Amino acid sequence: PLGMPRHMRFVIDYRQIAQREGQGLIGHLKSGLANKMRVLYCRVFYDRATFLHALGAEKVLGPEWARRADVVPLAVDEPFLSLPNERDGEGRRPVTFLYLGSIARVRKLEQIMAAARLVMAETNNFRLDFIGPDVSDGYYHGLVEEMELEHVVRILPPIPYDSVPETVMTYDVTLTIVPESPSDWQYQPTIKGIEYRALGMPVIATDFAPNRELVVNEGNGLLVDNTAESIAGAMRRFICEPGFLARTQANARAMREAPTWDEIAIRYMAIYEQL
């Protein structure tokens with residue numbers, strides 16, 4: 001915005017705040033500078049800032065963030081809300097679980113696989129699919145073999161975004177597991193969590209603030225700790241507890257909701273017009 005005509009207004013929109021701690025002296029210095037520049041952009045260079053969640057806004061601007069920023073959440077395309085969801089898991093086996101997203105080391109998918117191994121020690125009446133681009137150079141394919149999970153775990157290639165709603169609805173339970181690091185992932189909901197709520201899908205979700213707004217524990221899903229044991233315990237309930245899967249599916253269908261991108265576009269326009 002520097003040097004632009006004074007009558008113009010500028011909004012900086014943060015999808016992720018990219019809060020970093022850095023490693024080593026140089027890493028800490030670079031991260032500290034980037035974090036301070038983010039505050040400077042919001043307070044000096046731009047007329048307004050927008051964030052996905054109030055936690056992100058507060059992390060950058062402090063408790064008085066609403067003076068300089070607005071929250072504009074993630075949204076979904078219309079098919080996520082309109083596609084019929086009539087799946088009923090009562091009595092059907094195996095129970096199918098889905099992790100949809102990049103197959104990346106930073107996501108620490110080892111703990112989900114370790115959870116599957118714990119469950120497999122008691123029952124093999126389930127299947128766990130990972131769908132997404134593999135950016136781990138085959139690490140997780142090798143881990144499936146090393147952990148002897150080939151009978152219950154598959155790593156499948158990515159799918160076109162237009163086919164996500166129909167693909168997700170072929171599964172019984174979805175997973176949105178968020179590791180503690182990078183720390184900025186704790187300050188906004190995941191797009192998958194919002195999409196699963198819109199689709200009416202049961203969810204096993206990491207227990208942190210943004211997920212608690214999407215998942216009601218024992219309502220439309222289960223909130224878990226970031227441990228293999230906790231994730232395995234949730235999977236067992238869907239597999240082994242009579243009626244739990246069907247009840248959770250019915251609750252999730254009744255709780256379908258999410259803003260659409262058309263609604264969000266209007267909110268952005270309103271913020272800009274107020275400036």
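I began with secondary structure and found eleven helices and nine strands in the protein chain. I note here that the model is predicted.

Next I looked up overall dimensions. The C-alpha trace spans about 65 × 45 × 30 Å along its principal axes. I then checked burial: 46% of the 275 residues count as buried. For the accessible surface I got about 13700 Å², with 54% of this area belonging to carbon and sulfur atoms. On contacts, I took those between residues at least 6 apart in sequence, and 72% of them join residues at least 24 apart.

I turned to the backbone and looked for positive phi outside glycine. Asp 137 has a phi near 55 degrees. I placed Asp 137 in the loop between strand S5 (126–131) and helix H5 (139–146). Asp 137 counts as exposed because its relative accessibility is 79%, above the 50% limit. Glu 218 also came up, with a positive phi of about 65 degrees. Glu 218 sits in the loop between helix H8 (209–212) and strand S9 (221–224).

Then I went through the charges. I counted 30 positive and 36 negative charges, and their mean positions are 6 Å apart. Side chains of opposite charge can pair when their charged atoms come close, so I looked up the pairs. The count of salt bridges comes to twelve.

I wrote down three of them, starting with Arg 105 and Glu 110, whose closest N and O atoms are 3.6 Å apart. Arg 105 is partly exposed at 45% relative accessibility, and Glu 110 is partly exposed at 24%. For Asp 207 and Arg 212 the closest N and O atoms of the salt bridge are 2.6 Å apart. Asp 207 has a relative accessible area of 34% and is partly exposed; Arg 212 is partly exposed as well, at 47%.

Which residue does Glu 218 meet in a salt bridge? I found Arg 237, at 3.0 Å from N to O. This pair links distant parts of the chain, with Glu 218 in the loop between H8 and S9 and Arg 237 in helix H9 (residues 228–240), 19 residues apart. Glu 218 counts as partly exposed at 44% relative accessibility, and Arg 237 counts as partly exposed at 22%.

Definitions and conventions: Residues numbered from 1 in each chain as written. Predicted model: local features only at pLDDT ≥ 70, side-chain atom pairs only at ≥ 80, totals over all residues. Heavy atoms only, no water. Helix = DSSP H or I, 4+ residues; strand = E, 2+ residues; numbered from the N terminus. Buried < 20%, exposed > 50% of the residue type's maximum accessible area, 1.4 Å probe, protein only. Contact = heavy atoms within 4.5 Å. Areas by Shrake-Rupley, 256 points an atom, 1.4 Å probe, with all protein chains shown as cover. Lys, Arg positive; Asp, Glu negative; His and termini not counted. Charge placed at Lys NZ, Arg CZ, Asp CG, Glu CD. Salt bridge = Lys/Arg side-chain N within 4 Å of Asp/Glu carboxyl O.
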